Amino acid sequence: MEPKLEPTLSFNLLKAAEPFFLLAGPSVIESEEHALLMAKHINAIASKVGLQLVFKSSFDKANRTSSKSFRGPGMEEGLKILEKVKMVYNLPIVTEVHETSQCERVGRIADIIQIPAFHCCQTDLLVAAAKTGKIVNIKKGQFCDPSVIINAAEKIKLAGNRKVMICEQGTMFGYNDLIFDPRNLEWMREADCPVVVDVTHSLQQPSGKKLDGGGVASAGLRELIPCIARTAVAVGVDGISMEVHDYPQKAPVDGLTHWPLRHLEELLEELIAIASVSKGKKRMKIDLTPF
């Protein structure tokens with residue numbers, strides 16, 4: 001097995017990834033067997049199409065709408081599973097933290113520490129994540145405009161960590177729905193760090209589905225995932241984040257916004273083709289002088 005890359009080198013590889021890097025995996029860890037299975041297949045597909053993969057999955061879905069929602073195995077068991085995925089497939093790992101006390105422990109395993117959207121403005125959590133020295137991926141809150149996430153990235157840098165990425169996942173303007181605004185992808189570049197789009201969470205409909213027993217869960221518009229993904233790569237984002245599942249209809253959370261594993265290769269090939277002809281990563285300079 002090759003030695004694990006140091007975080008700084010990994011960050012440089014991600015920044016240089018062409019045409020984009022991929023963060024992918026099931027929303028939540030369901031079991032060790034399932035995590036290993038998903039990592040195996042997603043890694044094989046990413047390798048085949050030539051994309052740098054970071055395996056993503058959460059050990060605790062702490063920000064769910066309903067207390068009835070499945071949360072995952074918890075930090076200790078979840079990190080053991082993610083560590084095994086990392087060792088077996090030599091894959092970098094990204095997973096979320098929700099509390100400052102989790103950062104140091106998670107940083108021993110994860111290559112990228114992800115800040116959930118609902119926590120993107122919490123300075124103490126951002127600073128604790130920064131101090132691990134690992135790459136930090138901040139998800140833009142559904143309630144935020146790009147200036148907020150730019151300031152959040154600055155908090156990481158001021159804490160002494162330049163390895164920061166920011167992630168767009170839609171904006172809420174009304175009840176139970178998110179709007180994906182491609183303009184944000186240009187404005188977020190002002191943070192001077194890699195820009196990622198979560199093409200699956202951008203299509204959530206929070207609290208949009210009734211559960212048996214009276215609870216609520218997120219609904220979603222899976223059929224529009226290719227639309228959002230095509231737009232993102234055409235604009236020229238640095239990374240694509242997506243939840244992938246072998247049986248989305250059986251996923252314990254976010255089933256309606258998981259992309260089916262059996263269609264992953266086909267979608268990635270299309271996105272790579274679009275990115276290869278797009279000039280999105282090079283901002284067009286507009287000459288406003290008169291003709």
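Of the 291 residues of the protein chain, 55% count as buried, where buried means under 20% relative accessible area, exposed means over 50%, and partly exposed lies in between, with a 1.4 Å probe and protein chains only. This is a predicted model, in which local features need pLDDT of at least 70 and side-chain atom pairs count only at pLDDT 80 or more, while totals for chains, interfaces and linings use all residues. Residues are numbered from 1 along each chain as its sequence is written, and side-chain values use heavy atoms, with hydrogens and water left out.

**Overall architecture**

- The secondary structure of the protein chain comes to nine helices and 13 strands, taken as DSSP runs numbered from the N terminus, with helices being H or I of at least four residues and strands being E of at least two.
- Among contacts between residues at least 6 apart in sequence, 71% join residues at least 24 apart, a contact being heavy atoms within 4.5 Å.

**Packing of helix 2 against helix 3**

- Helix 2 (residues 32-49) and helix 3 (residues 75-89) pack at an angle of about 35°, with their axes 10 Å apart; the axes are lines fitted to C-alpha atoms, for helices over the stretch in contact, and angles run from 0 to 180 degrees between N-to-C directions.
- From helix 2 the contact is made by E32, A35, L36, A39, K40 and N43, and from helix 3 by I81, K84, V85, V88 and Y89.
- The residues of this contact between helix 2 and helix 3 divide into seven nonpolar, one polar and three charged, with Ala, Val, Leu, Ile, Met, Phe, Trp, Tyr, Cys and Pro counted as nonpolar, Asp, Glu, Lys and Arg as charged, and the others, Gly among them, as polar.

**Surroundings of H34 and D246**

- H34 lies in helix 2 and is buried, with a relative accessible area of 10%.
- Not counting residues up to four places away in sequence, H34 touches P26, H245 and D246.
- D246 lies in the loop between strand 12 (239-245) and strand 13 (259-260), and this residue is buried, with a relative accessible area of 17%.
- With residues up to four places away in sequence again not counted, D246 touches H34, L37, M38, L261 and R262.
- D246 and H263 are 17 residues apart in sequence, and their C-alpha atoms are 9.7 Å apart in space.

**Two further buried positions**

- I156 is placed in helix 6 (residues 146-158) and counts as buried, at 0% relative accessibility.
- Leaving aside neighbours within four places in sequence, I156 is in contact with L126, A130, V136, I138, N161 and V164; of these, V136 is 20 residues from I156 along the chain, with 7.9 Å between the C-alpha atoms.
- T95 is found in strand 3 and counts as buried, at 2% relative accessibility.
- Leaving aside neighbours within four places in sequence, T95 is in contact with S57, S58, F59, L82, V106, A110, I112, I113 and Q114.
- T95 and S57 are 38 residues apart in sequence and 5.7 Å apart in space, C-alpha to C-alpha.

**Backbone geometry in loops**

- Most residues other than glycine have a negative phi, and most peptide bonds are trans.
- A cis peptide bond joins E18 and P19, with omega about -5°, and P19 is placed in the loop between helix 1 (7-16) and strand 1 (21-25).
- N90, a residue other than glycine, has a positive phi near 55°; N90 is placed in the loop between helix 3 and strand 3 (93-96) and is partly exposed, with a relative accessible area of 35%.
- D192 also has a positive phi, of about 55°, although it is not a glycine; D192 is found in the loop between helix 7 (183-187) and strand 9 (195-198) and is exposed, with a relative accessible area of 62%.

**Aromatic rings**

- K250 lies over the face of Y247, at 5.3 Å from the ring centre; a charge sits over a ring if NZ of Lys or CZ of Arg is within 6 Å of the ring centre and within 35 degrees of the ring normal.
- The count of aromatic pairs comes to zero under the rule that rings of Phe, Tyr and Trp (its six-membered ring) pair if their centres lie within 6.5 Å, with planes under 30 degrees apart counted as stacked, over 60 as edge-to-face and the rest as tilted.
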